[in-house]
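Subject: Structure handover

Hello,

Here is the structure I promised to pass on. Please open it first, then read my notes below.

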Amino acid sequence: MCVVIDANVIGKVFDPHSAEHHRFRPIALWITTGNGSVIYGGTKYMKELGSGKYLALFKELGTARRAVVIGTKNVDDRARALKQLVPEVEFNDEHLIALIGISKCRLVCTDDLKFLPYLRRKDLYPDGVRVPHVYRSIADKKHCCDGLIVSICPKRVTSRRRKKSKSRPKVTI
């Protein structure tokens with residue numbers, strides 16, 4: 001599974017001391033110890049990510065092949081086109097739809113209820129890209145599965161003798 005994580009839940013996903021971490025713990029575990037990867041990129045996303053501990057965590061995830069960075073120019077160009085298509089003020093997460101459209105990611109983790117109607121609009125995605133599933137609570141943990149891994153995400157490499165991953169070390173949060 002690859003996932004785009006909205007900035008409004010990054011702390012809830014990766015901070016075990018967050019009051020709402022229990023809702024997002026399956027996402028954190030899937031990324032840090034399972035087959036999951038986080039997809040991120042673009043100017044707006046990087047600005048929302050900031051320069052603190054979460055940027056460092058995403059870089060560590062990248063080193064462990066558990067994060068995929070999408071090129072800034074690609075994301076920004078697509079986000080700009082989406083914003084021209086939908087100029088409404090409420091549509092302020094165009095960069096997330098751009099990331100999904102470019103990566104073909106099948107899962108988005110968000111708590112932004114105003115974003116959901118836009119996220120579900122098929123016309124905002126290129127041909128061949130499906131509307132993603134939404135992870136909002138522990139009830140959605142069924143989406144933490146290999147069936148949602150897309151080609152852009154790193155594959156888990158295993159040997160014939162061992163079932164353990166060689167190329168994707170676990171990451172501690």
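**What I found**

I start in the sheet. Next comes tyrosine 40, whose bridge partner in S3 is valine 69. S2 covers residues 37-41 and S3 covers residues 67-70. The two strands pair in the parallel sense, over four bridges.

A word on confidence before going further. This is a predicted model. The average pLDDT of the protein is 88, and 88% of the residues score at least 70. Confidence is highest in helix H5 (residues 72-85), at a mean of 97, and lowest in H4, at 92. Where pLDDT is low, the predicted coordinates should not be read in detail.

**The overall picture**

The protein has 173 residues, and 49% of them are buried. Its secondary structure comes to seven helices and five strands. From the N terminus on, the order is β-α-α-β-α-α-β-α-α-β-α-β. Take the contacts between residues at least 6 apart in sequence: 72% of them join residues at least 24 apart.

Now S1, residues 2-5. Three bridges join S1 to S2, and the two run parallel. Cysteine 2 has serine 37 of S2 as its bridge partner. Valine 3 stands opposite valine 38 in S2. S1 is also joined to S4 (residues 107-109), by two bridges, and these strands run parallel too. There, valine 4 has valine 108 of S4 as its bridge partner.

Are the faces of S1 covered or open? Both are covered. Cys2 and Val4 lie on one side, Val3 and Ile5 on the other, and all are buried.

S2 is mostly covered as well: five of its five residues are buried. Ser37, Ile39 and Gly41 point one way from S2. Val38 and Tyr40 point the other way.

**Two packed helices**

Two packed helices are described by the angle between their axes and the distance between the axes. H5 packs against helix H6 (residues 94-103) at an angle of about 120°, with the axes 8 Å apart. H5 and H6 are therefore oblique to each other. The crossing of H5 past H6 is right-handed. On the H5 side, the contact is made by Asn74, Val75, Arg78, Ala79, Leu82 and Lys83. On the H6 side, the residues are Glu94, His95, Ile97, Ala98, Leu99 and Ile102.

Histidine 21 is found in helix H2 (residues 21-32). Is histidine 21 buried or exposed? Its relative accessibility is 8%, so histidine 21 counts as buried, the cut-off being under 20%. Setting aside neighbours within four places in sequence, histidine 21 is in contact with Lys12, Val13, Phe14, Asp15, Pro16 and Ala28.

The other two stand out by their backbone. Most residues other than glycine have a negative phi. Arginine 65 is not a glycine, yet has a positive phi of about 60°. Arginine 65 is found in the loop between H4 and S3. With a relative accessible area of 32%, arginine 65 is partly exposed.

Lysine 104 is not a glycine either, and has a positive phi of about 65°. Where is lysine 104 placed? Lysine 104 is in the loop between H6 and S4. Its relative accessible area is 47%, so lysine 104 is partly exposed.

**Where to look first**

Then turn to H5 and H6, with their axes 8 Å apart. Finish with the two loop residues, arginine 65 between H4 and S3 and lysine 104 between H6 and S4.

Best wishes

Note on methods: Residues are numbered from 1 along each chain as its sequence is written. This is a predicted model: local features need pLDDT of at least 70, side-chain atom pairs count only at pLDDT 80 or more; totals for chains, interfaces and linings use all residues. Side-chain values use heavy atoms; hydrogens and water are left out. Buried means under 20% relative accessible area, exposed over 50%, partly exposed in between (1.4 Å probe, protein chains only). Two strands pair if DSSP finds at least two bridges between them. pLDDT is the predictor's confidence in each residue, from 0 to 100. Axes are lines fitted to C-alpha atoms, for helices over the stretch in contact, and angles run from 0 to 180 degrees between N-to-C directions. Angles under 35 degrees count as roughly parallel, over 145 as roughly antiparallel, 65 to 115 as roughly perpendicular and the rest as oblique. A crossing is left-handed if the near helix is turned anticlockwise from the far one by less than a right angle, and right-handed if clockwise. Contact means heavy atoms within 4.5 Å.
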